[in-house]
Amino acid sequence: MNFADSEVINAILIREGYKLTPDDNAADFILINTCAIRDNAEQRIRKRLHELKALQRQRPVKIGILGCMAERLQKQLLEEEDNVSFVVGPDAYRKLPIILRQTINGAKTAETTLSEDETYADITPVRLNGNGISGYISIMRGCQNYCAYCVVPYTRGKERSRDPQTIVNEARMLFEQGYREVTLLGQNVNSYKWTGDTGNEVSATGFPQLMARVADISPLLRVRFATSHPKDLSDELLQVMSEHRNICRCIHLPVQSGSERILKLMNRRYTPDWYLNRIDAIRRFLPDCSITTDVIAGFCSETEEDHQATLQMFRKVRYDYAYMFKFSMRPNTYAERHLQDDIPEDVKIHRLEEIIALQGEIALENNRRDIGKTFEVLTEGTSHRSKEQLFGRNSQNKVIVFDRGNHHTGEYLQVKVTDCTAATLKGIVVNSTEE
Ligand code: SAH
Ligand code: SF4
């Protein structure tokens, strides 16, 4: 999400004549786009700010903090970090050109007003360090689900969807520029709903209709999406996916916990049974779909029994990949106001390690089942390990590494899996599928 936002920021500043430099020593401004989801994300930024002081002693470079940490701390951040000149929240990026000008004159600015309708729909992002093959498209902003542990509703404001025509246009433009994969982004993409200026619910564009429109641009354009909330994962969406081969067979469905009690405390609005019912629906509509998740270990009052329920959930679903986190108490959230961060650090770490170990075994077993199968792979670049090898992803979003031969980035290839680790598949090209 921040990556996509940085591309919007890039577009806004380039339009004003600014140029991007990868070199700290050449920069007049350093803009740091930040995350506030867990405390360690913020600590990393504080460390980076401290390191940048050496550079500022040599050159008059101005530093700005953007994104969720900026929104969360607002002008307090200017007070706490004396080398920061400006703080700009996620809905105020259009003001950056003015803010940069003010900063040159020595002003310190905090602009953190949240909006109910800003979607940056009219701004075509200018891509950053991309491979020219896969790009992100932000389709909605904000979230108002108020999960008890989460800062996002406070740092990104109300949920709002972007005009579908602007999304389709952006995807088509990327395709015409040679992109072969777009990922539609939002905190809860599947609650996407556009009612236009009329506010008419009946003629609204929902997420399934939007997906179909983007997928219809070309069968050669892969479409992915993240993140979906289990409560909004409809059969209608699964039906649309099953009708379009180019909508990738991968669903990221954050579970957070396997315990009914903890899910309720987290305000997730589903039970383990409901979640498993959605998993069954995915398997029914899309038998070759991979499923990935997010999970939090050590949420307030989590017992060993609750933790075992999470492990059990992992065994039942057999995720292909998981982002696994230790609970981090965030200021101002429901959890901070009403619950106790009462699980000792060593217990949190131990539970997290148990989940990681189990998930490692499951991912390896899942990957082993892919050995012998042939997948269509979109080639994304040279393997990090060897220049002689390329890597790409299959529809299930698994990375596959294979010998380069005469192939190049952006090509669709048929690759047969010959070996694997828990993280990567290895294969050989059996045929090229592009004309
Ligand atoms: N909107 C998405 C996820 C957004 S945040 C969703 O609802 O699924 C990404 C992930 O960070 C979450 O899924 C959650 O697993 C994790 N996370 C959020 N707040 C956290 C906290 N306070 N401590 C630990 N992990 C957290
Ligand atoms: Fe946070 Fe919950 Fe919204 Fe996801 S759905 S961004 S976890 S509040």
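The model is predicted.

## The four-stranded sheet

Four strands make an open sheet, in the order β1-β2-β3-β4. Their pairing is parallel. In general, strands of a sheet pair through backbone hydrogen bonds, either parallel or antiparallel. The edge strands here are β1 (29–34) and β4, and each pairs on one side only. On average, neighbouring strands of this sheet are turned by 20° against each other, direction ignored.

Strand β3 covers residues 84–88 and runs parallel to β4. Three bridges join the two strands. Val88 stands opposite Glu111 in β4.

## Helices on this sheet

Helix α2 (residues 39–58) packs on the sheet. It touches β1, β2 (62–67) and β3. The direction of α2 makes about 175° with that of β1.

Helix α5 (residues 96–104) also packs on the sheet. It touches β1, β2, β3 and β4. The direction of α5 makes about 165° with that of β3.

## Glu111 in strand β4

Glu111 sits in strand β4, which spans residues 109–111. Is Glu111 buried or exposed? Its relative accessibility is 17%, and buried means under 20%, so Glu111 counts as buried.

Which residues does Glu111 touch, beyond those up to four places away in sequence? They are Val87, Val88, Gly89, Ala92, Lys95 and Ile99. Of these, Val88 is the residue opposite Glu111.

Pro90 lies in the loop between β3 and α5. Its relative accessibility is 1%, so Pro90 counts as buried.

Leaving aside neighbours within four places in sequence, Pro90 is in contact with Gly67, Cys68, Glu71, Tyr120, Arg141, Thr155 and Arg156. Pro90 and Thr112 are 22 residues apart along the chain. Their C-alpha atoms are separated by 7.6 Å.

## The three-stranded sheet

Another open sheet has three strands, in the order β5-β8-β11. Here too the pairing is parallel. The edge strands are β5 and β11 (222–226), and each pairs on one side only. The twist averages 25° from one strand to the next.

Five bridges join β8 to β11, and these two strands run parallel. Glu181 has Arg222 in β11 as its bridge partner. Helix α7 packs on this sheet and touches β5 and β8. The direction of α7 makes about 170° with that of β5.

## Helix α7

Helix α7 has 13 residues, numbered 164–176. From its first C-alpha to its last it reaches 18 Å. That is close to the 18 Å expected at 1.5 Å a residue.

Which residues of α7 are buried? They are Pro164, Ile167, Val168, Glu170, Ala171, Leu174 and Phe175. Seen down the axis of α7, the buried residues fall within an arc of 160°, so they line one face of the helix. What covers them includes β5 (134–138), β8 (181–185), β9 (193–194), β10 (205–206) and α8 (207–215).

## The ends of α7

What caps the N-terminal end of α7? Asp163 does: one of its side-chain oxygens lies 2.9 Å from the backbone nitrogen of Gln165. After the helix comes Gly178. The phi of Gly178 is positive, near 110°.

Technical notes
Residues numbered from 1 in each chain as written. Chains lettered and ligands numbered in written order. Predicted model: local features only at pLDDT ≥ 70, side-chain atom pairs only at ≥ 80, totals over all residues. Heavy atoms only, no water. Expected span 1.5 Å × (residues − 1). Buried < 20%, exposed > 50% of the residue type's maximum accessible area, 1.4 Å probe, protein only. Arc of directions from axis to C-beta. Contact = heavy atoms within 4.5 Å. Polar contact = N/O pair within 3.5 Å; in protein donor to acceptor, adjacent residues only side chain to side chain. Pairing = 2+ DSSP bridges. Axes fitted to C-alpha atoms, helices over the stretch in contact; angles between N-to-C directions.
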